[in-house]
Amino acid sequence: ALMADHSRWKIEFVLHEDIDVVEAFFDGVFLIRADDVEEWDRRVRAGLIRFGGKVDLLIGLDGLRVKPAAARRFGEARAAVLAEFARRSFRYGADPWTATSISTSSVLDGADSNLFGTREEALEALLNSREAMRRR
């Protein structure tokens, strides 16, 4: 069976203090089976907990690949993480499989989709969403 090499994964969270946005970066993160999702979940929670509450998340998906066998579990884990750690989340740069997994889980698990082609579009949408909330 195809195995993901967790030792090569890079998962990083960077706080952009000027705009109060946390950006997530993934490199070499392949979710092939459900146990890969458990490892992803553990690392993402460890990365987000240090911000001490809910954050506005900008998520770069260039280095994250969700394969079909892991997609259902990923959808559930993603929804739970976002519910706990994100005020709002916007993402960019997904490959087709990962994009499909994200749109499916937004329907099944009620997690935001908010998927954009570029970082600029995703960030602009996040900031517009924040501003719209402020005006309400």
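**Briefing: strands, helices and cores of a predicted model**

Leu 58 stands opposite Phe 90 in E6, and E6 pairs with E4 in the parallel sense over six bridges, where two strands are said to pair if DSSP finds at least two bridges between them. Helices (H or I, at least four residues) and strands (E, at least two) are DSSP runs, numbered from the N terminus. This is a predicted model, in which local features need pLDDT of at least 70 and side-chain atom pairs count only at pLDDT 80 or more, while totals for chains, interfaces and linings use all residues. Residues are numbered from 1 along each chain as its sequence is written, and side-chain values use heavy atoms, with hydrogens and water left out.

**Strand E6 and its partners**

- Strand E6 covers residues 86–92, and because six of its seven residues are buried (under 20% relative accessible area, with exposed over 50% and partly exposed in between, for a 1.4 Å probe and protein chains only), E6 is largely enclosed by the rest of the structure.
- E6 is also joined by two bridges to strand E7 (residues 115–116), and these two strands run parallel, with Arg 91 standing opposite Leu 115 in E7.

**Helix H1**

- Helix H1 has 16 residues (34–49), which at 1.5 Å a residue should span 22 Å, and its end C-alpha atoms are 22 Å apart, in agreement with that value; the expected span is 1.5 Å times one less than the number of residues.
- The buried residues of H1 are Asp 36, Val 37, Glu 39, Trp 40, Asp 41, Val 44, Gly 47 and Leu 48, and what covers them includes strands E1 (10–16), E2 (21–27) and E3 (29–31) as well as helix H2 (68–85).

**Nonpolar cores**

- A nonpolar core is a set of buried Ala, Val, Leu, Ile, Met, Phe, Trp, Tyr and Cys residues joined through side-chain atoms within 4.5 Å; the largest one has 29 residues, of which Phe 26, Leu 31, Trp 40, Leu 48, Leu 57, Leu 64 and Phe 74 touch the most other members.
- The elements giving two or more residues to this core are E2, E3, H1, E4, E5 and H2, and the largest share, seven residues, comes from H2.
- Apart from this core lies another, of eight residues, among them Val 21, Ala 122, Leu 123 and Ala 125.

**Thr 98 in helix H3**

- Thr 98 is found in helix H3 (residues 96–108) and counts as buried because its relative accessibility is 0%.
- Not counting residues up to four places away in sequence, Thr 98 touches Leu 64, Arg 65 and Val 66, contact meaning heavy atoms within 4.5 Å.
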